[in-house]
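Q: I'm new to this one. Can you walk me through it, a piece at a time?

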Amino acid sequence: MKPAASILLVEDEVNLAETLQLSVQKLGYQVIWAKNLAEARSELTKKRFDLMILDRNLPDGDGIELLTHPLRKKSLALILSSKSALQERVKGLQAGADDYLPKPFSYQELAARLQALERRRPEISVEDEKVPDLWVMNPDTQQVLSPNGWISLTPLEYKFLSYLIERRGTIVSKDRLLKDVWGFSFLPKTRTIDYLMTQIRKRIEPNPEAPQFLLTIRGAGVKFNA
Ligand code: CA
């Protein structure tokens, strides 16, 4: 017996999400619910999912974006969307979905389709199950692998971020950053670091308003938390 398949449910309508979660759990799946793309990307950094059920009209984008996410890792994907026109369904399947069920839908059909997908579950290796190797830096392309995919950085952003990633988990004072990253021997009163962090967060954080990786530690400095 395979262990219960895990499902990432991405759906912003709360009532529908709750009903979906219950009915899918009854079928024997473990379900994690994400109400937008940011939460979904964050969940993908924590574990691998066997299946994804993706809404398309989300507050921060189209669920289709998750199909090409570098951390999808052999997840099968079913799109569940009110975008039901033929060209939308074709677009979803061509973008990498394994199935497409238009809303409104019947729970009986959803169950049958999930079970059909289940039969196609690929073999998963130990390597696949590993928590993804995020925060790899590529000095040749000045890119970093973040929960949002490979992100291109400016030379200064790259220097700043790699400095912090090398020291992950430890608090680095802003004085030290200005000295080591900017090469300032005197310490100007500057918002440079805050500005740079805002720019980087917009791209590497699943939710830049509530950063989980690049953190400001009030009164102490900056920490890369991963
Ligand atoms: Ca929606």
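**A buried aspartate and its metal**

A: Aspartate 55 counts as buried because its relative accessibility is 3%. Buried means under 20% relative accessible area, exposed over 50%, partly exposed in between, with a 1.4 Å probe and protein chains only.

Q: What should I know about the model and its numbering?
A: This is a predicted model, where local features need pLDDT of at least 70, side-chain atom pairs count only at pLDDT 80 or more, and totals for chains, interfaces and linings use all residues. Residues are numbered from 1 along each chain as its sequence is written, and side-chain values use heavy atoms, with hydrogens and water left out.

Q: Which residues coordinate the calcium ion?
A: Asp12 (OD), Asp55 (OD) and Asn57 (O) do, at 2.2 to 2.4 Å. Donors are N, O and S atoms within 2.8 Å of the metal, or 3.2 Å for Na, K and Ca; water is not among the atoms, so sites may look incomplete.

Q: What spacing do the donors follow along the chain?
A: The calcium donors follow D-x42-D-x1-N.

Q: Is asparagine 57 buried, exposed or partly exposed?
A: Asparagine 57 is partly exposed, at 40% relative accessible area.

Q: New topic. How do the axes of H6 and H8 cross?
A: The axes of H6 (residues 155-166) and H8 (residues 192-204) cross at roughly 90° and come within 11 Å. So H6 is roughly perpendicular to H8. Angles under 35 degrees count as roughly parallel, over 145 as roughly antiparallel, 65 to 115 as roughly perpendicular and the rest as oblique. Axes are lines fitted to C-alpha atoms, for helices over the stretch in contact, and angles run from 0 to 180 degrees between N-to-C directions. Helices (H or I, at least four residues) and strands (E, at least two) are DSSP runs, numbered from the N terminus.

Q: Where does glutamate 157 lie?
A: Glutamate 157 lies in helix H6. At 6% relative accessibility, glutamate 157 is buried.

Q: What does its side chain make a polar contact with?
A: The side chain of glutamate 157 pairs with that of arginine 203, at 2.8 Å. A polar contact is a pair of N or O atoms within 3.5 Å; within protein, one must be able to donate a hydrogen and the other to accept it, and residues adjacent in sequence count only if both atoms are side-chain atoms.

Q: And which peptide bond is cis?
A: The one from lysine 103 to proline 104, with omega near -5°. Proline 104 sits in the loop between strand E5 (99-102) and helix H4 (107-119).
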